[in-house]
Amino acid sequence: MASGPFVNDEYVEARVLGELLRAPTGVALDAPAEGVALHVAFVVPFFQQGSGGHMTIANLVRALERRGHRCSLWIDDPGGRCAGGADGAVRDLRAWFGPFTASVAYGLEAFAGADVAVATGWQTVARVRTLPAAGRAYLVQDHEPEFFGTSVQRAWADDSYRHDLYPITAGQWLADTMGELYGLPATPFDLGIDGERYRPLPEVQRRSNVVVAYARSTTPRRGVPVALAALAELHDRRPEVEAWLFGHGGDPGVDFPYKNLGVVPEPALPAVYAEATVGLVLSMTNYSLVAQEMLSCGLACVELDAPSVVAAFGRGGPVDFAPLDPIAIADALERLLADPALRADRAVQGAALRAERTWDRAAAQVDVGLRAAIAYAHRDRGAV
């Protein structure tokens with residue numbers, strides 16, 4: 001490809017993607033002996049501080065390392081979007097998402113092979129299919145075509161599931177989606193909770209009139225306009241209730257009183273969850289970590305009545321569901337605000353969730369998926 005001072009990142013990425021999709025599939029390395037520790041190479045796309053997807057990867061890396069596996073992280077950034085160039089990207093990945101033992105590299109020129117090469121977003125699949133590995137997996141954290149309207153990004157994201165990478169999915173809904181839409185087997189895992197961080201804080205007094213809402217308006221799948229409309233309806237009914245927003249800075253452009261906490265650093269979130277009365281988060285595609293982290297801190301919460309959320313928590317479980325309707329969401333919030341006993345029951349269920357959904361348990365489930373990826377790659381050669 002011709003070199004030059006390109007300013008259109010997506011143009012550069014389109015050129016690279018085209019070249020990679022024409023390149024041959026990487027060498028299939030021999031499968032490791034059954035039960036031995038693996039070298040797991042995660043190929044990660046461009047990132048920014050606070051990226052939830054990259055934090056999930058980092059949590060899994062730490063837990064896989066505790067299981068004895070060797071991990072490496074490879075930043076695939078053909079558009080050059082990471083600030084500070086190669087050295088800055090490596091430094092930022094460690095600073096923002098560490099600590100972990102895994103080596104970190106910008107670019108894949110030095111990639112010499114792995115037991116499992118893992119794509120971690122649609123942008124990285126074309127690259128991973130060219131790498132030498134015994135198995136190739138796809139860590140699927142959401143159904144990414146749904147992030148876009150009709151566009152080249154939507155087409156590329158949809159195509160990313162069609163290159164024979166074995167899916168390891170964040171939740172059962174995504175595993176079902178891989179089978180129903182793409183005919184792929186998959187291994188699901190439950191997103192973990194950092195129980196040392198997300199826990200009740202007895203030193204923080206819980207208020208009786210605060211709703212805290214995840215209002216990351218730059219992420220359309222969070223349904224923020226409907227969440228804000230629900231808070232407006234709630235204010236009409238209960239003007240004494242305070243609305244706290246977090247996840248995005250700036251003026252949300254609403255006509256009811258609010259307090260915008262902006263982008264809250266992760267270490268500060270438990271104190272917010274410990275002080276609020278009820279939480280609100282809407283997940284229109286895959287379920288969010290936010291709801292289970294709220295519950296782990298003893299905060300009852302309302303989530304969207306959507307297939308991924310129901311699959312993750314079950315009906316009759318710790319989450320209160322509402323359809324994508326501001327009146328119905330306000331009803332659910334009001335029901336929790338009016339019932340301290342119900343909120344207390346949700347806190348008990350949240351404690352059980354915190355004990356069950358550890359990152360070590362998630363890594364054990366991912367470990368099964370990594371070995372399934374190796375078997376999947378060798379399925380035409382007989383047993384591995």
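Predicted model: local features only at pLDDT ≥ 70, side-chain atom pairs only at ≥ 80, totals over all residues.
Visitor: OK, in what order do the strands of the open sheet run?

Guide: The order is 10-9-8-11-12-13, six strands with parallel pairing; strands (E, at least two residues) and helices (H or I, at least four) are DSSP runs numbered from the N terminus, and two strands pair if DSSP finds at least two bridges between them.

Visitor: Which strands stand at the edges?

Guide: Strand 10 (259–260) and strand 13 (320–322) do, and each has a single partner strand, so one side of each is left without a neighbour in the sheet.

Visitor: And which helices pack on it?

Guide: Helix 7 (residues 224–237) packs on the sheet and touches strand 8 (210–214), strand 9 (242–246) and strand 11, where contact means heavy atoms within 4.5 Å. The direction of helix 7 makes about 170 degrees with that of strand 8; axes are lines fitted to C-alpha atoms, for helices over the stretch in contact, and angles run from 0 to 180 degrees between N-to-C directions. Helix 11 (residues 326–337) also packs on the sheet, touching strands 8, 11, 12 and 13, and its direction makes about 160 degrees with that of strand 11.

Visitor: Switching to charges, how many salt bridges are there?

Guide: The count comes to 23 salt bridges, each being a side-chain nitrogen of Lys or Arg within 4 Å of a carboxyl oxygen of Asp or Glu.

Visitor: Which partner does Arg221 have, and where do the two sit?

Guide: Arg221 meets Asp142 in a salt bridge with an N to O distance of 3.6 Å. The pair links distant parts of the chain, 79 residues apart, with Arg221 in the loop between strand 8 and helix 7 and Asp142 in the loop between strand 5 (133–140) and helix 5 (152–159).

Visitor: Are those two buried or exposed?

Guide: Arg221 is partly exposed at 23% relative accessible area, whereas Asp142 is buried at 7%; buried means under 20%, exposed over 50% and partly exposed in between, with a 1.4 Å probe and protein chains only.

Visitor: What about Asp305 and Arg315?

Guide: Their side chains meet in a salt bridge at 2.8 Å, N to O. Asp305 lies in the loop between strand 12 and helix 10 (307–313) and Arg315 in the loop between helix 10 and strand 13, so the pair ties together parts that are ten residues apart in sequence. Asp305 is partly exposed at 34%, and Arg315 is exposed at 57%.

Visitor: Which residues form a network of salt bridges?

Guide: Glu233, Arg237, Arg238, Glu240, Asp331 and Glu334 are linked in one.

Visitor: Last topic, how many cavities turn up?

Guide: A search of the whole structure finds two cavities of 30 Å³ or more, a cavity being a set of points on a 1 Å grid over the protein atoms alone where a 1.4 Å probe fits but cannot get out. The largest cavity has a volume of about 50 Å³, volume being the space filled by probe spheres set on the points, which are joined across faces, edges and corners.

Visitor: Which helix gives the most to its lining?

Guide: Helix 4 (122–128) gives the most to the lining of the largest cavity, with three residues. Lining residues have an atom within 4 Å of a point, and they include Leu17, Trp122 and Trp156.

Definitions and conventions:
Residues numbered from 1 in each chain as written. Heavy atoms only, no water. 1 Å grid on protein atoms, 1.4 Å probe; cavity = no way out; pocket = protein on both sides within 12 Å on 5 of 7 lines; lining within 4 Å.
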